[in-house]
Amino acid sequence: METLKRFLWSLLAVVAGGMLFHSENLYGQYRIAPINGVIYKFEDVHSVVAKVGGRYIPADLEDAIKELDKELDAKQKKFLRDSAQFVDLHFGLGMWIRNNWGLWGHSRLQKYFLKHGSWDADDMSSIIIDEYLNYLQGKPYETKLEEAPVAKPKYENYNFNDAFIDNLSKNRKEMLEAGFGANRKVRFTFPYGYSSMEEANAYKDSTNVKAPEGFIRDVDYLNKRILVEVKQSYLPQGVIIYDGNLKEMPGKVYVKRNLEEGSEDMESIVFMKKGERIWFPLKAGHWEGVGKIH
């Protein structure tokens, strides 16, 4: 019995290992925009938009200095210009920069610094503050950032023990019961709201051939993620998987957007078009299971 148990464990470990490590699509770094059919992680979508939660995110160091100058008033600028308390700046202004400009993860400003060899959020904010102080004090620009290759994250080490197998089996059962299994069909849930009443009606009508749907091409049971390929969408642009102008996801409500004429806020909207594939965490709430493909 013990031998059989060990054999089954080993077999499941092999299956799980193949599921986790069969390609670097799950953990690798990918070019995000334009997507053009490239598989990427939903977590990285912030790195292509100008706004996150309605707040503008600078594109690079020079843009960060300009934006910081807009954020601060004359009194604050005078304090910074005359201040020698760089430690206080790091924990005060630096913390504001790190938290509001996404330097802890996935913003386009963080991506810029990573691309130029700066890996730590504290270092990134320090560079911004130092250059802004130079700007206030009339000193020349000092930072020289050279483009460097972004290293790929290392794979995690998994211990295929009882707890791991039990957790994997539990997640798999829950996901399958909810309709999230390989080769199953899913429907888009419009977490960022409908862009038109026609789009809302298309979603509510289960027989509408234009209702946004996708296929699950792969499943990550350990982290509860699905690789979805869009089959069809109501809008020609695709489905909106992120809108950086919104501070909170509105759910299934009508959000007025000028999608036909476009606007300056369009650069903060990310579409997913027919045929494109993206890894979505289930907690993001973009898709719901509807059954198995026949």
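**Strands, cores and salt bridges**

Mentor: Buried here means under 20% relative accessible area, with exposed over 50% and partly exposed in between (1.4 Å probe, protein chains only), while helices (H or I, at least four residues) and strands (E, at least two) are DSSP runs numbered from the N terminus. This is a predicted model, in which local features need pLDDT of at least 70 and side-chain atom pairs count only at pLDDT 80 or more, whereas totals for chains, interfaces and linings use all residues. Residues are numbered from 1 along each chain as its sequence is written, and side-chain values use heavy atoms, with hydrogens and water left out.

Trainee: Which way do strand 7 and strand 8 run, and how many bridges join them?
Mentor: They run antiparallel, and four bridges join strand 7 (residues 239-243) to strand 8; two strands pair if DSSP finds at least two bridges between them. Within that pairing, Ile240 stands opposite Phe271.

Trainee: Which residues of the largest nonpolar core touch the most other members?
Mentor: Among its 36 residues they are Phe42, Ile226, Ile241, Met272, Phe280 and Trp287. A nonpolar core is a set of buried Ala, Val, Leu, Ile, Met, Phe, Trp, Tyr and Cys residues joined through side-chain atoms within 4.5 Å. Several elements each supply at least two residues of this core, including helix 8, strand 4 (184-188), strand 7 and strand 8. There is also a second, separate core of 23 residues, which includes Leu80, Leu93, Ile127 and Leu136.

Trainee: And what does Trp287 touch?
Mentor: Leaving aside neighbours within four places in sequence, Trp287 is in contact with a set of residues that includes Phe180, Val186, Glu213, Ile226, Met272 and Phe280, where contact means heavy atoms within 4.5 Å.

Trainee: Is Glu213 buried or exposed?
Mentor: Glu213, which sits in strand 5, is buried at a relative accessible area of 11%. Not counting residues up to four places away in sequence, its contacts include Lys185, Arg187, Glu229, Lys231 and Trp287.

Trainee: Switching to charges, how many salt bridges are there?
Mentor: The structure holds 10 salt bridges, each being a side-chain nitrogen of Lys or Arg within 4 Å of a carboxyl oxygen of Asp or Glu. One of them joins Lys70 and Glu67 at 3.1 Å, N to O, and these two are three residues apart in helix 2 (residues 61-71), which means that about one helical turn separates them. Lys70 is exposed at 63% relative accessible area, whereas Glu67 counts as buried at 13%.

Trainee: Where do Lys224 and Glu174 lie?
Mentor: Their side chains meet in a salt bridge at 2.9 Å, N to O. Lys224 lies in the loop between strand 5 (213-220) and strand 6 (225-232) and Glu174 in helix 8 (residues 162-177), so the pair ties together parts that are 50 residues apart in sequence. Shared partners also join Arg217, Glu229 and Arg277 into one network of salt bridges.

Trainee: Where is confidence lowest, and where is it highest?
Mentor: Helix 1 (residues 2-21) has the lowest confidence, at a mean of 44, and helix 2 the highest, at 94; pLDDT is the predictor's confidence in each residue, from 0 to 100. Over residues 4-37 pLDDT stays under 50. Where pLDDT is low, the predicted coordinates should not be read in detail.
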